Amino acid sequence: MSNTHRRLEWSLVATVGLWWILVGTVANFDYLSSLGWVANIALIVLSTGSIAGFAWWVAEEDETLWDAFTDNARQLGVHIGLVDPRVVVEGAIEQDGVLWVCQYFQDGSADFSHRACPSCRLELVERHATASEVDQRLVTDGGTTVDALSCPHCAFVVRGQKHDSQGADAALSKFREHMNSFDQWRRMARESLGTDPTPSDVWDEYVKITDDDSVRARTTGVRGDTKRRGIDTYPRFSELKQNRNTLERIVDHLPKPLALAAERILEFDYLEKKASVKRKRDEVRTEFVPLRDAFYDEHQPKLSSLTAARASRSWPEIDLSVDEIQKISHDLAALTEIRAKHDRYLTAPEYQTVGKFSKQFDDALAYVRTTDDLRNRLDAAQSAVDTFEDAFEPYEDHDRYLEARVERHLRDELSAARDAVEAVGEVLESASGPVPEPAHLRYLDLDSHIDDRELVLDEYESRFVDHEVETYPDVFTTEHGPLDDKQTLAVVRNEPHNLVDASAGTGKTLTLTRRIRYLYRTGTQLDDILAITFGGDAAEEMRTRVTDAIGGIDSERLNIMTIHSFARDIISRSTFDTIERGRLKDGTENFLDAVFEADAHRDTAPEWMREFDKFRSALGDSDGYIREMFKEARSFGRSPAELRERTDKADIEEHHAAHAAAALLEVYLAVGASRDHPIDHDHTIERATELVREFPGRYETRFEHVLVDEFQDVSERQLDFIQALLGPETHLFAVGDDWQSIYGFRGSKPAFFREFESRFEESSRTTLETNYRCPPSVVRASASVMLDSDEATTKQVDAHADDGDPPVLHRLSGPYDDRIGSYVADMVEDAVDDGLDYGDVMVLTRTNYGPNPTIESHFNARGIPFTGSADDGASVTFQTVHRSKGTEAPCVILAHAVDDRENGIPMEPRTNEGLRPAIDETLDHYEEERRLFYVAMTRTEETLNIVTRSDAISRYVYSFDQGVDVVDASVQSVEAVVQYVSPGHGDTPTKLGVDCGSYETTLVTWIHSLADEVERGETYRFESLQNYVSRRKGELKLTADSEIVRLD
């Protein structure tokens, strides 16, 4: 019972006694007199004593009886709702282990509001408890129920009567003492907070400056919004109290005996309702508290540990098993069910406890699941990273070549690791609550590690190259300086199949020979290296270079040979017989001669001979046609069946020739198959391919490395042979340039080069981009020729030199055929006059015909030494473009670069009608001519001169019409000796044969009278001549404007 209630009891008792005296004395003395004087005197003494006792009880040292009475009356009015003073200060005083929350009102009065838990600072609530629960020192009478105050949150409980009688007055007295500085506190609170402070704020500011240890802050535990569930009561009881009328409020504050008496007198059932609500409350609490306490005891330690780990963002030290999760869920469901069913009988702390448990469980469970997921994903990510590291470990020092297939595997492993790490990131990003900080740090480490590893893979090739250059400096350094980056890369790349795209002058042969030296220096035995070329000269040059590069070895140990010589070697090893190269050279011709000279009309002639004879006879005199069909079929690898299938039956001659050639081809192949010795060079390749495939164990492991020079020149059968040599562990290193593929007539196709990756899986392609041979203007002009092609590989080629002479285009007019020999000889002599030697000049033509005889005759006439190859350094090299492949010279003269003319470049396409069944029609004549033009241009080291006819300039010249010097070599006048006069008449021109000194030509005119002005054997100057073209032949024409001057 509160102190106010006790004062109220004394006040009522004293008032009733006083009333009794007054009524008995004044209003109803007769009634009192009937009691007798002794009884009346005793009643008066009793009433007077009651009043005196009340005064002694309530009065303070400075308080009068009236003050005590009015003060208690005001308090009573506040409690029953008749008075509503404004609270200006609300504070807490600790007294006897309990917080007393006191209030100071605007009218200067003070009272305590409620008691609070010293730990939780929540208002204590009334409840019945056993004596032993309140005072555990009691052993007996443990089941006695006592009036108690308990904290709704923790286990704090005290006897209500004990603390009501011992602490209330002391706490309120202390609180009043602290009110003396009220105005000063309020100013301090306003200055500190910047706004008008609440009653609790005022007190809290005071707490900061006072030295009284019993003073406690009020912020924690302040009553909240009245719309929310109160912490000191429960909704059903609040509803009951809220619906009280005035009399019920008065009765509710009376002592229990008086309250029961008043309820009977006034005839209402408020107290009964109150008791019923409290009984129901006790029933609910009896059901709720054991479940709550059991949940707390059984589950709270783990949940607290997990939520503590969650709060600190650390890995939880414990886990929740499936059974534990089910048990917690079950227990929580029981508490939740009680809360839902009896929520009106639960206090706010009890109600909130369930929510707290639920939230704690949800947070703990979510954190456990998140951390378990993170652990699993981090372990998976670490495992994926470890898998990558195990695979990458052999390459950690960048001292091993990383093949593309291995790199793909590593990138796949790294990608899997990246996915696993990103899965961790997704959990971290999508987590609704906190995540362990160590998990986040580990994620960042793994993510950073993968970034680093991706960079290592991206840069692996360059780091490997640096390692090899540093380890084997002698391999990558020549007398002219170090290899460039692309050459170096080409040397060290070691995929199963490697292609080096080496444009003219980019160091193809150097790269190939350095590759051999690199393989030798890195541990490959010379016997395990095979280098194949397509020419004997190229093989010898490579052998010399490799021997010099390696040093100290016998050149005979090197397996460097032409493809045909290697094929012969395979056959010789198989047949234990020597293959004679001479027999192969003329094998086809010998066979054809024997067939065409045989008596095909004998009765014993074989079937194929009769078939051949039948079609041969149908053709008539066309043995040359059949021979050509047969040779083309061999060049392009046609089978007899293909010849027959590809023929046009509507073309009788083609049909007969194809069938005749097919019959020959069948017996040719049969003869070849029946002999140990191959018939011709092509048959040598075919036989060797068959042997390699027949005995793979003998050849596929014979070489670790097969190197092929001029790969763009391989034919289909040669390509098959090369492929047959490649075992599972054999590495192919092919060097070439599809821009220089010029042997289509022998069966080579640039498509074989361009489609290298399609034919050979697991391959690399390295493009050499620096031309060390030609001047920049020639490099640009020649590249322009090829980049105008729709078929050629697109690549960027730059010149190593900074400057040089541009190409010079000489456009000859007039008697081109008569002048070209003399003109080219003049150019050679001019070059020699400029300081070059004859051996520094190379003259190129499309074929050995056309202007070649004329040029040769002028060379001979002037004593200019020349040779058909570049072996003689003292003579002009005069050869075809095909033969010039692989050579170079300071001064190159490309003669007869005329368009669509016989022996020009492009040469007039030959008629393939009738040969269609045998040839490869996919080859583009003009594209091959373009490549020939490119090869011719790129032979020069310093100067390039292109001689053409002004009215038939090669079409390829127009690809570089910029950056070229042009010389128009027209003829306006000549001094010549007249050799003959051929008079004409009508439309037939008169012709004058003249000797111009350096060349002889013909002058034509339709002014026939001019023939009378000249005499044979005399020398004349012919001026104002017109350059004239007649029947595709250039001539000089005399016109009416021409002048003829006789010279003495």
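What share of the contacts in the protein chain with a separation of 6 or more comes from residues 24 or more positions apart? The share is 72%. Contact means heavy atoms within 4.5 Å.

1. **Basis.** This is a predicted model; local features need pLDDT of at least 70, side-chain atom pairs count only at pLDDT 80 or more, and totals for chains, interfaces and linings use all residues. Residues are numbered from 1 along each chain as its sequence is written, and side-chain values use heavy atoms, with hydrogens and water left out.

2. **Overall make-up.** The protein chain has 37 helices and 31 strands. These are DSSP runs numbered from the N terminus: helices are H or I with at least four residues, strands are E with at least two. Of the 1048 residues, 49% count as buried. Buried means under 20% relative accessible area, exposed over 50%, partly exposed in between (1.4 Å probe, protein chains only). The chain exposes about 50900 Å², and carbon and sulfur atoms supply 47% of that. Areas come from the Shrake-Rupley method with a 1.4 Å probe; for residues, only the protein chains shown count as cover.

3. **Annotated site.** An unreviewed UniProt entry places a "binding site" at positions including Ala-504, Gly-505 and Lys-508. Such annotations may be inferred rather than shown by experiment; feature names are shortened and positions follow the numbering used here. Ala-504 sits in the loop between β10 (497-502) and α19 (508-521). Ala-504 counts as buried because its relative accessible area is 3%. Leaving aside residues up to four places away in sequence, Ala-504 touches Asp-737, Gln-740, Asn-771, Arg-773, Tyr-934, Thr-938 and Arg-939.

4. **Gly-505.** This residue is also in the loop between β10 and α19. At 14% relative accessible area, Gly-505 is buried. With the sequence neighbours up to four places away left out, Gly-505 touches Thr-770, Asn-771, Tyr-772 and Arg-773.

5. **Strand β13.** Residues 705-708 form β13, and both faces are covered. His-705 and Leu-707 are buried on one side, Val-706 and Val-708 on the other. In a regular strand the side chains alternate between the two faces of the sheet. β13 pairs in the parallel sense with β11 (residues 529-533) over 4 bridges. Pairing requires that DSSP finds at least two bridges between two strands. β13 also runs parallel to β14 (residues 731-736), joined by 4 bridges. His-705 is the bridge partner of Ile-529 and pairs with His-731 in β14.

6. **Helix α10.** Ile-250 lies in this helix. Ile-250 is partly exposed, with a relative accessible area of 34%.
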